[in-house]
Amino acid sequence: MKKVIVALSLVLLTLTSCVSKKQFAALEAKNKECQDLLNSATVKLNVCLSEKDALAKQAEYLKQNNSELINSSKEMTVLSTKGAQNIEKALETIKEKDLKISRMQDALTKKDSVTLALVTSLKSSVGISDPDIEVNVEKGVVFISIADKLLFKSGSYTVSDRAKEILGKVAKVVNDKPTFECMVEGHTDNVPYTGTGVLLDNWDLSVKRSTAIIRVLTKELGVNPAQLIAAGRGEFIPLVENNSVDNRAINRRTRIVVLPKIDEFYEMIEKEMKNPKQ
């Protein structure tokens with residue numbers, strides 16, 4: 001069973017505004033809450049499976065016990081009333097556990113299906129064939145990762161024409177799904193920023209790139225600003241060690257994190273866990 005939290009966030013950079021720490025913390029908290037709920041559901045599902053096995057063994061024992069009683073006495077032609085009742089009760093409990101497990105598995109499968117459908121849709125719409133563009137699922141979150149060489153010049157936060165072509169395809173996906181949220185994450189390498197002007201360091205550069213992309217999505221491509229969150233991660237979440245030119249190029253990237261609305265599936269799981277008998 002997959003641990004998936006399909007989350008939606010498009011991360012973009014502007015020339016003047018930075019992401020609200022409160023907004024970012026709220027998104028992180030929401031993602032953690034979903035992960036905790038999925039972990040809780042998984043633990044409880046495993047408990048249910050263990051209980052089912054124990055009950056199945058109990059039922060088998062009762063059946064064998066009754067069989068031995070029949071064989072030891074030719075006069076006994078039917079199961080004792082008590083034994084029959086015990087078997088019936090055990091089988092009924094197993095049936096209830098099976099139903100409960102089935103419902104929880106259905107809910108988790110639906111959540112997984114939403115994530116898979118989203119990845120397929122994004123790959124189809126964006127037309128991923130460039131090794132510098134990746135659509136993937138990481139810890140239950142769907143994201144599009146774009147190498148900075150396709151978006152910006154070195155040390156710059158001005159969006160390139162090539163980037164606008166790519167972002168146009170992303171915008172189409174977002175506009176088709178108005179309930180989604182998107183966070184645009186800017187990432188840099190560990191080379192200190194040495195430019196002049198309003199930027200002080202790589203933190204500033206990563207946020208500026210995020211807000212610049214958000215400005216393109218909203219001003220030029222018609223994306224609803226309420227769906228977007230800008231975030232800068234600086235140099236602090238590298239994909240690889242910053243020990244070569246090629247590796248630093250890999251770490252300079254923008255991630256558009258997509259968070260579909262899957263709360264209803266977790267609510268189904270939580271409701272099932274709170275109601276042992278339906």
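## Overall make-up

Buried residues account for 41% of the 278 residues in the protein. The model is a predicted one. Its accessible surface comes to about 15600 Å². Carbon and sulfur atoms hold 53% of that surface.

## Fold

The protein has six helices and five strands. Along the sequence they follow the pattern α-α-β-β-α-β-α-β-α-β-α. Consider contacts between residues at least 6 apart in sequence: 79% of them join residues at least 24 apart.

## Nonpolar cores

The largest nonpolar core contains 25 residues. Those with the most contacts inside this core are Ile144, Ile146, Val159, Leu167, Ile213 and Leu217. Two or more residues each come from strand 1 (133–138), strand 2, helix 3 (161–176), strand 3 (181–187), helix 4 (202–220) and strand 4 (228–234). Helix 3 gives the largest share, six residues.

## Ser145

Ser145 lies in strand 2, which spans residues 141–147. Is Ser145 buried or exposed? Its relative accessibility is 9%, so Ser145 counts as buried; the cut-off for buried is under 20%.

Which residues does Ser145 touch, leaving aside neighbours within four places in sequence? Ser145 is in contact with Asp132, Ile133 and Glu134, and also with Arg253, Thr254 and Arg255.

Methods:
Residues numbered from 1 in each chain as written. Predicted model: local features only at pLDDT ≥ 70, side-chain atom pairs only at ≥ 80, totals over all residues. Heavy atoms only, no water. Helix = DSSP H or I, 4+ residues; strand = E, 2+ residues; numbered from the N terminus. Buried < 20%, exposed > 50% of the residue type's maximum accessible area, 1.4 Å probe, protein only. Contact = heavy atoms within 4.5 Å. Areas by Shrake-Rupley, 256 points an atom, 1.4 Å probe, with all protein chains shown as cover. Core = buried A, V, L, I, M, F, W, Y, C linked by side-chain atoms within 4.5 Å.
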